[in-house]
Amino acid sequence: MNKNILYATLLYILGQAMVWFQSNGQFMWPFFKKYPLFIALAGIPISYIFIHGTRMSYSGFGTLWPGRMVGFAVGVIIFSMLSQYFMNESINMKTALCLLLAVGIICIQIFMK
């Protein structure tokens, strides 16, 4: 795997995790619910992370689509993991199949030529 693709994937993981907390922190912490405009400002560094992830992905793949697919699939995986851990939402058969598809998308984009 190209190191740019690896770095892009790591940035996507970080960005998706930050977005999860930004969006869903309101259900766990009163501060997030009380000050949504302040929490929205976290979108600035999150956007910066995604911009650099896209740059690294484009550099690694040579086109935009594979990075978009990897970013989407990473988002599904991170969302399910954090929702299960922090919100105690179980992974049912439908979610498990979606996770399997997300892993498949990542493998197709990274390993298929």
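Biologist: Which helices do the buried residues of α6 pack against?

Modeller: The buried residues of α6 pack against α1, α4 and α5. Packing here rests on contact, that is, heavy atoms within 4.5 Å. This is a predicted model, in which local features need pLDDT of at least 70 and side-chain atom pairs count only at pLDDT 80 or more, while totals for chains, interfaces and linings use all residues. Residues are numbered from 1 along each chain as its sequence is written, and side-chain values use heavy atoms, with hydrogens and water left out.

Biologist: How many helices and strands does the protein chain have?

Modeller: The protein chain has six helices and zero strands, in the order α-α-α-α-α-α along the sequence. Both are DSSP runs numbered from the N terminus: helices are H or I with at least four residues, strands E with at least two.

Biologist: Which residues of α6 are buried?

Modeller: Leu99, Ala102, Ile106 and Ile110 are the buried residues of α6. Buried means under 20% relative accessible area, exposed over 50% and partly exposed in between, with a 1.4 Å probe and protein chains only.

Biologist: What makes you say that the buried residues line one face of α6?

Modeller: Seen down the axis of α6, they fall within an arc of 60 degrees, so they line one face of the helix. The arc is taken from the directions that run from the helix axis to the C-beta atoms. In general, an α-helix has 3.6 residues a turn, so residues three or four places apart point the same way. The face of α6 turned away from the buried side carries the exposed residues Met93, Lys94, Leu100, Leu101 and Phe111.

Biologist: What caps the N-terminal end of α6?

Modeller: Asn92 does, with a side-chain oxygen 3.2 Å from the backbone nitrogen of Lys94. A polar contact is a pair of N or O atoms within 3.5 Å; within protein, one must be able to donate a hydrogen and the other to accept it, and residues adjacent in sequence count only if both atoms are side-chain atoms. At the start of α1, a side-chain oxygen of Asn2 reaches to within 2.6 Å of the backbone nitrogen of Asn4.

Biologist: How does the reach of α1 compare with the expected one?

Modeller: Helix α1, residues 3-24, has 22 residues and reaches 31 Å from its first C-alpha to its last, close to the 32 Å expected. The expected span is 1.5 Å times one less than the number of residues. Helix α6, with 19 residues, reaches 26 Å, close to an expected 27 Å. The buried residues of α1 include Ile5, Ala8, Tyr12 and Trp20, and what covers the buried residues of α1 includes α4 (43-61), α5 (65-87) and α6 (93-111).

Biologist: Why is Pro66 called buried?

Modeller: Pro66 counts as buried because its relative accessibility is 12%. Its place is in helix α5. Not counting residues up to four places away in sequence, Pro66 touches Phe61 and Gln109. Pro66 and Ile106 are 40 residues apart in sequence and 8.6 Å apart in space, C-alpha to C-alpha.

Biologist: How many aromatic pairs does a search of the whole structure find?

Modeller: The search finds 10 aromatic pairs. In one of them, the rings of Phe31 and Phe32 have centres 6.4 Å apart and planes at 75 degrees, so the pair is edge-to-face. Rings of Phe, Tyr and Trp (its six-membered ring) pair if their centres lie within 6.5 Å; planes under 30 degrees apart count as stacked, over 60 as edge-to-face and the rest as tilted. Phe31 is partly exposed at 40%, and Phe32 is partly exposed at 21%.

Biologist: Why is the pair of Tyr85 and Phe86 edge-to-face?

Modeller: Their planes are at 85 degrees, with ring centres 4.9 Å apart, so the pair is edge-to-face. Tyr85 counts as exposed at 65%, whereas Phe86 is partly exposed at 32%. Ring pairs link Trp20, Phe21, Trp29, Phe31, Phe32, Tyr35, Phe38, Tyr85 and Phe86 into a cluster.
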